[in-house]
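User: I would like to go through the labels attached to this model and see what each of them rests on. Please set the values against the criteria as you answer.

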Amino acid sequence: MQLVVTRGQTATACADWRKHMQRCGLGVVVLGWTLLGMALVMAQPLPRIPGETVSAGQQYFLRYCSACHGVAGRGDGPAALALRTPPADLTRIAQRRGGHFPVAEIAAYIDGRTVVPAHGSREMPIWGERFGEMGGGGSIGEEVVRGNLLVLIEYLQSIQQ
């Protein structure tokens with residue numbers, strides 16, 4: 001079987017192909033500029049508004065921590081009496097450590113995915129897993145964990161006495 005193509009059909013096919021490729025090329029260029037713009041915006045640090053992170057941290061604290069640690073963070077929440085080990089007074093973390101607030105240690109403890117045998121049994125929820133699940137897991141879930149830990153720790157630092 002032989003395909004016979006006339007000169008007019010070839011010219012029309014080439015013109016159609018050129019138009020199609022021009023549209024695709026334009027789409028690729030638009031997509032590229034859009035992705036570049038998004039990357040540049042995301043690379044810029046967000047402006048810090050004084051108190052913004054602390055306020056978000058307070059909201060997270062009230063939602064996730066106050067049942068045990070109390071609204072003021074003193075370990076006197078409504079669920080505290082039901083626990084074998086009383087919740088810590090979170091307003092005195094730095095005081096118990098000679099005036100130093102150990103950010104990495106507190107972040108690891110709240111996260112809870114790293115077991116520290118010296119700390120004994122753990123009644124506190126493993127917030128790293130829960131926060132990660134809220135973000136859908138994977139790398140996005142890890143970003144959610146880091147963000148939640150950041151705002152909680154900044155809030156805890158703000159309530160030190």
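Analyst: A salt bridge here is a side-chain nitrogen of Lys or Arg within 4 Å of a carboxyl oxygen of Asp or Glu, and the structure holds five of them. This is a predicted model, in which local features need pLDDT of at least 70 and side-chain atom pairs count only at pLDDT 80 or more, while totals for chains, interfaces and linings use all residues. Residues are numbered from 1 along each chain as its sequence is written, and side-chain values use heavy atoms, with hydrogens and water left out.

User: What makes the contact between arginine 92 and aspartate 89 a salt bridge?

Analyst: The N to O distance between the side chains of arginine 92 and aspartate 89 is 3.6 Å, and the pair therefore meets the criterion of within 4 Å.

User: Why is arginine 92 called partly exposed?

Analyst: Buried means under 20% relative accessible area and exposed over 50%, with partly exposed in between (1.4 Å probe, protein chains only). Arginine 92 has a relative accessible area of 31%, so it is partly exposed.

User: What makes the pair of glutamate 142 and arginine 113 a link between distant parts of the chain?

Analyst: Glutamate 142 forms a salt bridge with arginine 113, their closest N and O atoms being 2.6 Å apart. Glutamate 142 lies in helix α7 (residues 138–158), whereas arginine 113 lies in the loop between α5 (103–111) and α6 (127–134), 29 residues apart; helices are DSSP runs (H or I, at least four residues) numbered from the N terminus. Salt bridges with shared partners also join Asp111, Arg113 and Glu142 into one network. Glutamate 142, at 29% relative accessible area, is partly exposed, and arginine 113, at 35%, counts as partly exposed too.

User: Which residues lie nearest the centre of the largest pocket, and how many residues line it?

Analyst: The largest pocket is lined by 28 residues, and His69, Ala88, Leu90, Tyr109 and Met124 lie nearest its centre. A pocket is an open set of points on a 1 Å grid over the protein atoms alone, where a 1.4 Å probe fits, with protein on both sides within 12 Å along at least five of seven lines, and lining residues have an atom within 4 Å of a point. Helix α5 gives the most to this lining, with four residues.

Key: Helices (H or I, at least four residues) and strands (E, at least two) are DSSP runs, numbered from the N terminus.
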